[in-house]
Amino acid sequence: MNSFNLPQSEQLNTQCLARIFDNKSESYKLFWFKAILEHVLKGETEISFDSLVNSMIKNAWYMVSEYKLNLGPADAIEETVLHLHTISGIAPSEKEDKIISFIKQCNDPKFISLKKRLCTMVPYRLQAPFMSDMPSPVWKKRSSVIEYINGQQGMIYYLEPGNSILDMRVLVTPLWADYLKANAGILMGWIDYNMIIYLQRRNPSVPGISSKLYPPQARQLGAAKVYWKAVIRASQVKKPLLDIYSDEILAEKSISIDHFIPWSYVAHDELWNLIPTTRSINSSKSNNLPEWKTYFHRLCETEYFAYQLVNEYDHMRDLQEAVEKCMKDHVNDAEVRHKLYRPGQSQLEFSNRLEEIVFPAYESARNMGFGIWKYEL
């Protein structure tokens, strides 16, 4: 089902274009067409299979390695990304240009084989809606399919043979290239829409799918940092605030805000999941899960201590202003606000309610493949 109305053209069969994602058991059609669109936007209309596959892998990298999304039970792109992650040592959140650079230079035999596998069907099957009259036997032989495609009118692209399958080239026709460039924003939105539906179907319990299509962005945690700095200042009246991972005293000037459950899974910046730590520890933890038995009770103690300060020191203007701003930016669930942050709770009540919120998300992230981490000096 497609709720997008693609821009029409008197010269092009946009009705067939709108159907290219209708039948997809794997993700490759989405990644292939997105790669073509990206290259056309760079001014390229004669594009090697190798370049397109490299772009497909780059676009799937974060979904698979950073966000741990499942692309399908036997998805070839997921298998390729996982193998690349194993052999490369590239960080899950690495910059796109470095990922592409490694892919281009990688001569690992299995990786090359996996890249070739990505070329076996998708370049031909994507345009199936444009070839409804093609006899079924033609699909059995690649050379026959290429010959048939190159003999049709109105195709998005034609195919040029090469010395190997990765050397083959896609030749985007001028009319379609102009259409893709003129309507790039709408077409990217259409691809993303179809990608979200595809991923939600295969990751039904995972939150924030729409935030996991692209590389992770810098988090907007200014209000949370101001809040925890105010808590650190207020805490001096009672006792210093300690880092939950190292037991070091936290200094207001050098704190870093950590997502207890990685943002890569929760895809939000809710206060119940934000805790101050040091920059080096936050970097070491990366997108792993803290060991539950070691750190959850410490999380509860720190969160409850902050909760107590907020309710006890209502005369401290800077603390209350920081709380008000943080609640506005980082507590977006009314039920959680009422359940966790209402005054008058004992530490046991607060901890039990926090566990009811945190534990299901923690377990789900662990089942998705997020690693377990413990601080070491």
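A polar contact is a pair of N or O atoms within 3.5 Å, where within protein one atom must be able to donate a hydrogen and the other to accept it. In this predicted model, such a contact, of 2.5 Å, joins the side chains of Asp 258 and Tyr 245. The side chain of Asp 258 also has a polar contact of 3.1 Å with the side chain of Lys 285.

The protein chain has 377 residues, and buried residues make up 51% of them. Its secondary structure comes to 17 helices and seven strands. Taken along the principal axes, the C-alpha atoms fill a box of roughly 80 × 45 × 30 Å. Among contacts with a separation of 6 or more, 70% are between residues 24 or more positions apart.

Asp 258 belongs to strand S4, which covers residues 255-259. With a relative accessibility of 2%, Asp 258 counts as buried, because the cut-off for a buried residue is under 20%. Not counting residues up to four places away in sequence, Asp 258 touches Tyr 245, Asn 273, Leu 274, Ile 275, Thr 277, Asn 282 and Lys 285. Two of the residues in this list, Tyr 245 and Lys 285, are the partners in the side-chain polar contacts described at the outset.

Asn 273, another residue touched by Asp 258, lies in the loop between helix H12 (263-266) and strand S5 (274-278). Asp 258 and Asn 273 are 15 residues apart in sequence, and their C-alpha atoms are 8.0 Å apart in space. Asn 273 is buried, at 1% relative accessibility. A polar atom of the Asn 273 side chain lies 2.8 Å from the backbone nitrogen of Ile 261. Leaving aside neighbours within four places in sequence, Asn 273 is in contact with Asp 258, His 259, Phe 260, Ile 261, Val 266 and His 268.

The side chain of Ser 88 reaches the backbone oxygen of Leu 84 at 2.7 Å and the backbone nitrogen of Ile 90 at 3.0 Å. Beyond its neighbours within four places in sequence, Ser 88 is in contact with Trp 61 and Phe 102.

Turning to the helices themselves, H10 runs through residues 184-202; at 1.5 Å a residue its 19 residues should span 27 Å, and the end C-alpha atoms are 27 Å apart, which agrees. The buried residues of H10 are Ala 184, Leu 187, Met 188, Trp 190, Ile 191, Asp 192, Asn 194, Met 195, Tyr 198 and Leu 199. These buried residues pack against helices H1 (14-17), H2 (28-41), H3 (49-66) and H9 (174-182).

Two helix pairs illustrate contrasting geometries. The axes of H16 (residues 334-341) and H17 (residues 347-368) come within 9 Å and cross at roughly 150 degrees. That angle makes H16 roughly antiparallel to H17. Val 336, Lys 339 and Leu 340 of H16 make the contact with Phe 350, Arg 353, Leu 354, Glu 356 and Ile 357 of H17. By class, the residues of this contact are five nonpolar, no polar and three charged.

For H11 (residues 222-235) and H14 (residues 292-312), the axes come within 10 Å and cross at roughly 75 degrees. H11 and H14 are therefore roughly perpendicular to each other. Here Tyr 227, Trp 228, Val 231, Ala 234 and Ser 235 in H11 meet Thr 302, Glu 303, Phe 305, Ala 306, Leu 309 and Val 310 in H14. The contact of H11 with H14 divides into eight nonpolar, two polar and one charged residue.

Most residues other than glycine have a negative phi. Lys 68, although not a glycine, has a positive phi of about 60 degrees. Lys 68 sits in the loop between H3 and H4 and is partly exposed, with a relative accessible area of 22%. Asp 247, also a residue other than glycine, has a positive phi near 70 degrees. Asp 247 is in the loop between H11 and S4, and its relative accessibility of 44% makes Asp 247 partly exposed.

Conventions:
Residues are numbered from 1 along each chain as its sequence is written. Side-chain values use heavy atoms; hydrogens and water are left out. Helices (H or I, at least four residues) and strands (E, at least two) are DSSP runs, numbered from the N terminus. The expected span of a helix is 1.5 Å times one less than its number of residues. Buried means under 20% relative accessible area, exposed over 50%, partly exposed in between (1.4 Å probe, protein chains only). Contact means heavy atoms within 4.5 Å. Axes are lines fitted to C-alpha atoms, for helices over the stretch in contact, and angles run from 0 to 180 degrees between N-to-C directions. Angles under 35 degrees count as roughly parallel, over 145 as roughly antiparallel, 65 to 115 as roughly perpendicular and the rest as oblique. Ala, Val, Leu, Ile, Met, Phe, Trp, Tyr, Cys and Pro count as nonpolar, Asp, Glu, Lys and Arg as charged, and the others, Gly among them, as polar.
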